[in-house]
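I opened this notebook to keep a record of what I looked up, residue by residue and then for the chain as a whole. The entries follow the order in which I checked things.

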Amino acid sequence: MNYDILIDVSVCEKRLAIVEDGEAIEIQIERPFPERLVGNIYRGIVNTVLPGMQAAFVDIGMDKNAFLYAGDVVSRLDFEQDHMESETDILKDFRIETVLKAGQEIAVQVIKEPMGTKGPRVTTNISLPGRYVVLLQNSEHIGVSRRISDEDERLRLKELAKANLPKGFGLIMRTVAEGLSEEEMKHELVLLKRLSDAVEKKMKAAKVAPCIHKDSDLVERAIRDILTDDVARVIINDVNEYERILEFAETVAPEMKHKIQLYNKSYNLFEFYGVSAALDSIRERKVWLKSGGYLVIDKTEALTVIDVNTGKFTGSHSLEETVFKTNMEAAKEIPYQLRLRDIGGIIVVDFIDMKTDENQAEVLDLLKQEIRRDKTKATVIGMTGLGLIEITRKKVKQEVNTFLGADCLYCGGTGKITSPYVVVRRVEADLERLLGLNKHTQIPATPGPAGQQKVKVELHPSIAAVINARGCELGTVIKRHFAREIEFSSNSLLGYEEIRVRFLDEE
């Protein structure tokens with residue numbers, strides 16, 4: 001399968017899209033503010049150690065302290081190897097307070113971006129990624145990507161690593177290392193060892209809380225991490241970035257330079273290749289299936305919920321067949337949406353109820369098959385007692401949707417705003433305060449004397465429209481209730497729930 005990598009460079013951001021058969025399957029966005037933190041290395045200072053949580057907070061110079069879990073302090077081992085102890089067993093007798101103290105200076109690397117109210121997550125296990133290998137500073141472990149399935153090749157790569165790995169370091173072979181020659185490995189290890197030495201030198205000289213190493217930006221990571229034999233072209237629309245990645249590719253992947261092309265058409269790059277439509281769809285919570293069914297994707301603080309509905313699809317034979325076809329189509333679409341939107345964490349899917357076990361198994365098998373195509377680690381856990389499917393997907397950075405939208409100023413991201421009638425009730429309360437009334441005050445049944453001061457109430461246009469609407473007579477009812485001349489006026493400068501109530505001197 002061949003892919004195209006499209007890189008759209010603008011003043012305020014860089015966007016990357018992976019396109020397969022004319023359809024965007026993955027989108028990444030990076031902006032200078034706030035800058036990307038994952039991969040950066042800091043000289044931090046331990047702020048607080050929490051034995052009860054087996055974690056610590058580390059000051060790395062950010063607004064929020066970084067979170068350091070005990071499992072990211074111990075040496076990273078390949079816990080999935082059969083001959084190794086499980087991570088739970090290794091951490092069972094480990095106490096974070098025995099190795100970390102408040103005020104202690106340590107080197108940490110960011111492994112997860114800040115999200116919501118949480119600061120970045122960090123580890124003391126420093127790793128330096130290259131194109132073929134990841135060099136581990138605090139471990140002598142040698143691992144091979146699980147995506148390399150050939151056992152003979154896995155063994156060859158391990159032996160190659162043992163013969164060339166610098167003493168005191170560990171190494172993980174990346175997927176692209178399949179077929180790697182010894183000369184290529186030596187070349188990359190020299191570059192990574194040189195980088196490691198530079199990091200160590202900066203670490204010793206640096207003061208607390210500066211960034212001593214920044215990971216590559218979006219453009220360079222595309223060449224280092226994504227550009228493989230499966231990629232047909234890398235198309236970029238900025239001449240300066242084009243020249244820069246050619247130079248970078250010369251160092252890390254010279255055999256791939258011919259795939260890098262400069263896009264020089266006047267038409268927008270993402271629009272020309274149909275990526276803009278995919279970007280727009282990411283903001284929609286409803287995703288239509290080709291049959292007429294649809295998905296509803298909702299994000300909560302704890303997890304993402306996906307609901308499957310038949311929608312306009314009515315089928316032709318039976319209800320079970322209609323439901324089964326809708327669920328099968330959803331089982332293909334859901335993994336695609338997870339990757340396109342870069343949804344991580346816990347995902348719960350509510351497929352439409354099916355009567356037969358065979359249909360349930362077939363839908364679940366298809367979902368697992370499609371999930372395996374995702375380069376980000378994702379696992380289908382199984383079905384709950386309520387018939388919901390649980391999925392976990394590794395979460396490292398903000399979802400794409402966070403770059404494309406912002407919380408509504410009125411609803412705060414809930415999708416609901418205060419009812420206009422709730423605001424009108426607050427108008428009544430403000431009038432009671434202004435006029436010195438309370439629930440026990442007798443309001444005259446008829447308007448007061450002509451010389452009585454008038455009252456002006458200024459409101460957001462949408463609230464004023466409700467009060468002054470013809471046929472509603474809400475404003476008339478309020479005036480009659482307070483036995484007072486009241487003017488309800490529209491003020492577009494006011495917020496939706498903002499109210500201004502004051503006396504007007506009679507002219």
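**Ile126.** I listed the contacts of Ile126 (contact meaning heavy atoms within 4.5 Å) and, not counting residues up to four places away in sequence, I found that Ile126 touches Ile41, Ala107, Val108, Gln109, Leu135, Leu136, Gln137 and Asn138. I placed Ile126 in the loop between strand E8 (121–123) and strand E9 (127–129), where helices (H or I, at least four residues) and strands (E, at least two) are DSSP runs, numbered from the N terminus. With a relative accessibility of 4%, Ile126 counts as buried; the cut-offs I use are under 20% relative accessible area for buried, over 50% for exposed, and partly exposed in between, with a 1.4 Å probe and protein chains only. I also took the C-alpha separation of Ile126 and Asp63, which is 23 Å for two residues 63 apart along the chain.

**Basis of the entries.** I note that this is a predicted model, in which local features need pLDDT of at least 70 and side-chain atom pairs count only at pLDDT 80 or more, while totals for chains, interfaces and linings use all residues. Residues are numbered from 1 along each chain as its sequence is written, and side-chain values use heavy atoms, with hydrogens and water left out.

**Backbone.** I looked up the peptide bond from Phe33 to Pro34 and found it to be cis, with omega near -5°; Pro34 sits in the loop between strand E3 (23–30) and strand E4 (41–50). I then turned to positive phi values in residues other than glycine. Asp342 has phi near 55° and lies in the loop between helix H8 (319–341) and strand E19 (345–350), where a relative accessible area of 12% makes Asp342 buried. Ala483 has a positive phi of about 50°, is placed in the loop between helix H13 (474–482) and strand E23 (486–490), and is buried at 4% relative accessible area.

**Cysteines.** How many disulfides are there? Taking a disulfide as a pair of cysteine sulfur atoms within 2.5 Å, I count zero. For Cys408, which is in no disulfide, the nearest cysteine sulfur is that of Cys411, 3.7 Å away. Seen from Cys411, the closest cysteine sulfur is in Cys408, and the 3.7 Å between them is too far for a bond. I record Cys408 as partly exposed, with a relative accessible area of 32%, whereas Cys411 is buried at 15%.

**Whole chain.** I counted 13 helices and 24 strands in the protein chain. The radius of gyration of the protein chain is 30 Å, well over the 23 Å that the globule rule gives for 507 residues, so the chain is more spread out than a compact globule; the radius is taken over C-alpha atoms, and the rule is 2.2 Å times the number of residues to the power 0.38. Along the principal axes, the C-alpha atoms fill a box of roughly 100 × 70 × 55 Å. Buried residues make up 44% of the 507 residues. Of the contacts with a separation of 6 or more, 66% are between residues 24 or more positions apart.
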